[in-house]
Amino acid sequence: MNQNARAALFVSIVGGALFLLAGASLAQPPALLTPLRTAVIKSNAGLCLKGATCHRDKAGVWIPKTKIGIVSVSIPEQADVDLYVDVEISTRPEMYQCNEVDADGCVFRMKYAGPGLFDYGAKTGSTYLGSNITNSNITFPSGYGIVITAGTPVYVHLDVINGSLIDLSIDQDIWVYYTPLP
């Protein structure tokens with residue numbers, strides 16, 4: 001067998017082996033796939049009268065039964081009326097305790113404001129224009145998460161300003177995506 005034939009045979013063997021290895025690796029599930037679980041924290045600031053500011057610490061709570069790593073949080077579907085809402089998710093018993101000196105257990109904080117009302121002098125009714133139906137999400141980089149020990153409460157705190165023309169019951173769901181940890 002000449003030099004060119006040997007080189008062609010070698011390339012064919014190596015290429016075939018690489019092809020088989022690539023096909024075999026596609027058939028295998030990822031070795032590092034970790035189960036992702038979801039907790040939904042229902043929170044409520046109660047009835048917030050028109051024009052009022054309503055604050056509620058511990059508006060919702062979830063207590064994981066095992067040690068977990070929070071990898072993502074979603075605050076879906078904010079109100080489409082004139083509300084200003086400040087939402088905090090943390091292990092702190094009250095809102096606004098997280099700071100640059102001590103942020104241990106602080107998961108996520110965000111604010112949103114619904115569209116203003118166009119009341120044209122109205123004393124009753126809800127004459128708003130527009131919508132603020134959005135989702136606010138945070139996802140941590142791969143391999144990172146906020147570790148919560150078993151039995152530690154994860155709270156949702158709400159601070160709401162109701163600028164609408166009507167009294168509103170303020171409900172806010174929080175979706176927490178986590179993985180169990182050893």
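Reader: Is Cys-48 buried or exposed?

Author: Cys-48 counts as buried, at 0% relative accessibility. Buried means under 20% relative accessible area, exposed over 50%, and partly exposed in between, with a 1.4 Å probe and protein chains only. This is a predicted model: local features need pLDDT of at least 70, side-chain atom pairs count only at pLDDT 80 or more, and totals for chains, interfaces and linings use all residues. Residues are numbered from 1 along each chain as its sequence is written, and side-chain values use heavy atoms, with hydrogens and water left out.

Reader: Which cysteine does Cys-48 join in a disulfide?

Author: A disulfide is a covalent bond between the sulfur atoms of two cysteines. The rule here asks for a pair of cysteine sulfur atoms within 2.5 Å. Cys-48 is joined to Cys-54, S to S 2.1 Å. Cys-54 is also buried, at 12%. Their link is right-handed, with 95° about the S-S bond.

Reader: How many disulfides are there by this rule?

Author: Two disulfides. Cys-98 and Cys-106 form a disulfide, with sulfur atoms 2.0 Å apart. The torsion about their S-S bond is about -100°, so this disulfide is left-handed. Cys-98 is partly exposed at 25%, while Cys-106 is buried at 18%. Counted along the chain, the bonded cysteines follow the pattern 1-2, 3-4.

Reader: How many aromatic pairs does a search of the whole structure find?

Author: Rings of Phe, Tyr and Trp (its six-membered ring) pair if their centres lie within 6.5 Å; planes under 30 degrees apart count as stacked, over 60 as edge-to-face and the rest as tilted. The search finds two aromatic pairs. One of them, Trp-62 with Tyr-178, is tilted: 5.1 Å centre to centre, 45° between the planes.
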